[in-house]
Amino acid sequence: MPRIGFAEVVGDGVFAGLIGASAVALWFLVVDTALREPLFTPSLVASAVLRGVPATASEPVDLTMVAAFTAIHSFLFILFGIPASWVVDQFQHTPHLPLISIATSIALEGGFVIATKLFVPDVAATIGHGFIVAGNVFAAVGMGLYLRGWQRHPEDLAAATPR
């Protein structure tokens with residue numbers, strides 16, 4: 001069965017990763033604006049990871065840390081999006097959105113839990129585990145919608161083309 005090319009897999013993965021990173025960023029912008037101070041979460045996470053600052057609810061927002069977090073977060077989501085795009089491409093027909101979203105959500109949540117437990121165990125408690133799970137679900141659904149709706153499978157395109 002023909003598959004999409006390497007460049008298309010990478011391009012789809014980059015775009016899906018940016019969708020996921022944007023979904024999480026927008027979610028936490030809403031949460032932070034409603035409950036704390038806008039941009040609190042990216043500033044807190046970057047300060048804890050890059051500077052070793054303890055994660056506390058009283059940590060002031062540092063725009064340099066927000067910028068660093070945005071760059072790193074986007075890069076990590078892109079690194080996740082490329083293999084996710086490749087996995088979706090391995091199916092003869094693109095799997096249904098629930099399958100993509102559930103698998104993506106489990107992978108995102110698992111990666112975050114492992115990373116925070118190893119490097120910054122107090123961050124998740126300060127941010128709120130429920131908010132993190134919700135952000136990852138939004139990212140997974142966004143990435144799943146993109147990969148399901150826009151993934152270019154040659155056999156799907158040929159079947160959809162009128163003769």
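**View 1. P121 sits out in the open.** At 53% relative accessibility, P121 counts as exposed, because that label needs over 50% relative accessible area, while buried means under 20% and partly exposed is in between (1.4 Å probe, protein chains only). What you are looking at is a predicted model, in which local features need pLDDT of at least 70, side-chain atom pairs count only at pLDDT 80 or more, and totals for chains, interfaces and linings use all residues. Residues are numbered from 1 along each chain as its sequence is written, and side-chain values use heavy atoms, with hydrogens and water left out. P121 belongs to helix α5; helices here are DSSP runs (H or I, at least four residues), as strands are (E, at least two), numbered from the N terminus.

**View 2. The whole chain, for orientation.** Count up the elements and you get 7 helices and 0 strands. Of the 163 residues in the protein chain, 39% are buried. Take the contacts (heavy atoms within 4.5 Å) between residues at least 6 apart in sequence: 76% of them join residues at least 24 apart.

**View 3. Helix α1 from end to end.** Helix α1 takes in residues 6-35, and its end C-alpha atoms are 43 Å apart, which agrees with the 44 Å that 30 residues should span at 1.5 Å a residue. That expected span is 1.5 Å times one less than the number of residues. Quite a few α1 residues are tucked away: V9, G13, A16, F28 and V31 are among the buried ones.

View 4. L39 isn't a glycine, yet its phi is positive, about 75°. At 30% relative accessibility, L39 counts as partly exposed. Next comes α2, whose 12 residues reach 15 Å from first C-alpha to last, close to the 16 Å expected. Because 9 of its 12 residues are buried, α2 is largely enclosed by the rest of the structure. The cover over those buried residues includes α1, α3 and α5. After α2 comes G52, with a positive phi near 75°.

**View 5. Inside the largest nonpolar core.** A nonpolar core is a set of buried Ala, Val, Leu, Ile, Met, Phe, Trp, Tyr and Cys residues joined through side-chain atoms within 4.5 Å. The largest one here has 26 residues, and F28, F77, V123, I127, A139 and L147 have the most contacts inside it. Two or more residues each come from α1, α2, α3, α4, α5 and α6. Zoom in on I127: beyond its neighbours within four places in sequence, it is in contact with F28, R36, T41, L44, V45 and I132.

**View 6. Looking into the largest pocket.** This pocket has a volume of about 880 Å³. On a 1 Å grid over the protein atoms alone, a pocket is an open set of points where a 1.4 Å probe fits, with protein on both sides within 12 Å along at least five of seven lines, and lining residues have an atom within 4 Å of a point. Grid points are joined across faces, edges and corners, and the volume is the space filled by probe spheres set on them. Of the 36 lining residues, V45, F69, H73, L76 and F112 are the closest to the centre. The largest share, 9 residues, comes from α3. The lining divides into 27 nonpolar, 8 polar and 1 charged, where Ala, Val, Leu, Ile, Met, Phe, Trp, Tyr, Cys and Pro count as nonpolar, Asp, Glu, Lys and Arg as charged, and the others, Gly among them, as polar.
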